[in-house]
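Subject: A structure for you to look at

Hello,

I am passing on a structure that I have been looking through, and I hope you enjoy exploring it. Please open it first, and then read my notes below.

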Amino acid sequence: MAAWQKWWVTLFFLIQALVAGGGILLWYFQSEPEAKLILGWLTTPPGQATMVGVAAYLIVLALGTIAAAVFRPTTVKQLTIVHDGAYQVKVDQGAVEKNLRLTLAPYELYNAAAKVRMHKKRRQADVTITGMLSQRSEARHLRADLHRTIANDLKQQFDIDLCKLKVKLTPYNHKQKVAIV
């Protein structure tokens, strides 16, 4: 999680903690004159509107937290591919990306790049291939060939299954610089 995201999460939950702490203090010291004044204000229409707004904020925050926790996929930079007691063999995301870039060499793509997201629990990977088509590339069957080649390479080299493959290829433009693997 990025640092700015941590600050926003801290701010949102700090507000929640302050509201909850204030509610507990009002309940505990409800016989004090200041607490009676606040509780009296909460029974007025502006006080009730404030309570509805705070309750809506807390509900939205709770639903957002649950949604982020449940629906966010678990991806890692290093995936454990062999686990034998205390010994583990981990493969780095950068190594997998470089290997896939070399795997793309026979397809004669310019500026070929591979982005990999590895899922921790399922030992699967989402792969995004970007590049430019050369004039020698066979574009008709390229996606199926890429899918087959990448799936086989991931399985044989790293024992990782291919979950999703996204191919983003653009036509060759003579004005752009290219790198050929």
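In which sense do β1 and strand β4 pair, and over how many bridges? They pair in the antiparallel sense, over two bridges, with β4 covering residues 109-119. Within this pairing, Thr75 stands opposite His119 in β4. Before you go on, please keep in mind that this is a predicted model.

Let's start with the overall picture. The protein chain has five helices and six strands. Starting at the N terminus, the elements follow the pattern α-α-α-β-β-β-α-β-β-α-β. The radius of gyration of the protein chain is 27 Å, whereas a compact globule of 181 residues would have one near 16 Å. Along the principal axes, the C-alpha atoms fill a box of roughly 85 × 50 × 25 Å.

Now for the sheet. Four strands make up an open sheet in the order β1-β4-β5-β6, and their pairing is mixed. Why is one side of β1 and of β6 left without a neighbour in the sheet? Both β1 (75-76) and β6 (161-171) stand at the edges and have a single partner strand each, so one side of each has no neighbour there.

Helix α4 (residues 93-103) lies across β1, β4 and β5 (124-133), and runs at about 145° to β4. Helix α5 (residues 142-158) lies across β4, β5 and β6, at about 140° to β6.

Strand β2 (residues 78-84) pairs with strand β3 (residues 87-92) in the antiparallel sense, over six bridges. Across this pair, Val82 stands opposite Val89 in β3, and Asp84 stands opposite Tyr87 in β3. Two residues lie between β2 and β3 in the hairpin.

Finally, have a look at the largest pocket, which holds about 300 Å³ of space. Ten residues line this pocket, and the closest to its centre are Val9, Phe13, Gly64, Thr65 and Ala68. Which elements give two or more residues to the lining? They are α1 (3-28) and α3 (45-71). Sorted by class, the lining has six nonpolar residues, three polar and one charged.

Happy exploring, and do write back with any questions.

Best wishes

Conventions
Residues are numbered from 1 along each chain as its sequence is written. This is a predicted model: local features need pLDDT of at least 70, side-chain atom pairs count only at pLDDT 80 or more; totals for chains, interfaces and linings use all residues. Side-chain values use heavy atoms; hydrogens and water are left out. On a 1 Å grid over the protein atoms alone, a cavity is a set of points where a 1.4 Å probe fits but cannot get out, and a pocket is an open set with protein on both sides within 12 Å along at least five of seven lines; lining residues have an atom within 4 Å of a point. Grid points are joined across faces, edges and corners, and a volume is the space filled by probe spheres set on the points. Ala, Val, Leu, Ile, Met, Phe, Trp, Tyr, Cys and Pro count as nonpolar, Asp, Glu, Lys and Arg as charged, and the others, Gly among them, as polar. Two strands pair if DSSP finds at least two bridges between them. Contact means heavy atoms within 4.5 Å. Axes are lines fitted to C-alpha atoms, for helices over the stretch in contact, and angles run from 0 to 180 degrees between N-to-C directions. The radius of gyration is taken over C-alpha atoms; the globule rule is 2.2 Å times the number of residues to the power 0.38.
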